[in-house]
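Notebook open. I want to look at pockets and then at the overall build.

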Amino acid sequence: MATSGTVAFRPNIEEVIAEAFERCGIDPQTQTGGKADSARRSLNLLFSEWSNRGWNYWTVAYKTVTLVAAQTTYTLDAGLVDIINVVYRKVSGSTSSDQIVDRVAISDYNQLPDKTTSGVSSQYMLDRQYTPTMTVWPVPDNANDSIRYYGVFQIDDVTASHQDADVPYRWNDAMCAGLAAKLALKFMPDRVQILNELAERSFQFASAEEGANVSLRIRPTGLNLNG
């Protein structure tokens with residue numbers, strides 16, 4: 001028997017909510033608009049929970065911060081959850097080179113004796129407010145340079161049931177299972193334990209597959225390999 005030949009399965013929010021209610025033992029056709037609002041809110045809370053459990057690799061984006069000479073702090077894009085990797089791009093004529101910029105804690109930055117030192121920035125402090133900021137040190141002295149980073153951003157909000165979820169194929173079951181567990185807490189408390197267990201199992205399956213899928217390389221320092 002021939003297969004469909006398609007790889008387009010992507011349940012929209014209405015289908016995700018229906019699946020979650022069915023896992024709770026609730027007929028989705030009997031639910032009011034208020035229940036749908038409640039389910040969408042729970043789905044957004046589930047996405048917030050995922051952001052606290054590790055990187056959502058499909059939300060990683062490459063960003064550029066244009067530096068301004070003598071400016072220390074820069075406003076980053078709203079929705080930034082965390083930063084993975086930062087480099088300072090030094091421009092000299094028609095050539096450029098990148099060097100790693102290390103992240104420091106707010107307390108470490110606060111203890112710098114001279115925060116006005118200028119040059120090529122080698123450290124940054126990330127202040128994860130609602131609108132996040134990055135503070136760099138030394139203070140940039142060249143307006144042609146820039147900061148380049150990979151940032152992890154929020155999963156897009158769910159605002160209507162006809163939308164698609166900002167979630168890749170491999171996370172579909174984790175999304176349905178997680179929403180079912182949250183709906184059970186509100187509407188079917190006798191199923192909370194089993195649905196929580198299933199949600200955690202599905203999350204672990206999906207997160208185990210998530211990542212860069214590259215070999216781990218450890219390079220020792222201070223070791224004489226020549227005897």
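What is the volume of the largest pocket? I get about 290 Å³. My pocket is an open set of points on a 1 Å grid over the protein atoms alone, where a 1.4 Å probe fits, with protein on both sides within 12 Å along at least five of seven lines. Points are joined across faces, edges and corners, and the volume is the space filled by probe spheres set on them.

Note on the source: this is a predicted model, so I keep to its rules: local features need pLDDT of at least 70, side-chain atom pairs count only at pLDDT 80 or more, and totals for chains, interfaces and linings use all residues. Residues are numbered from 1 along each chain as its sequence is written, and side-chain values use heavy atoms, with hydrogens and water left out.

Next, the lining (an atom within 4 Å of a point). Of its 14 residues, F47, S48, S51, V81 and Q154 are the closest to the pocket centre. Two elements, α2 (33-51) and β3 (80-92), each give two or more residues, and α2 gives the most, with four.

Then the whole chain. I count five helices and 10 strands (DSSP runs: H or I, at least four residues; E, at least two). The radius of gyration is 23 Å, well over the 17 Å of the globule rule for 227 residues, so the chain is more spread out than a compact globule. I took that radius over C-alpha atoms, and the rule is 2.2 Å times the number of residues to the power 0.38. The C-alpha trace spans about 65 × 50 × 35 Å along its principal axes.
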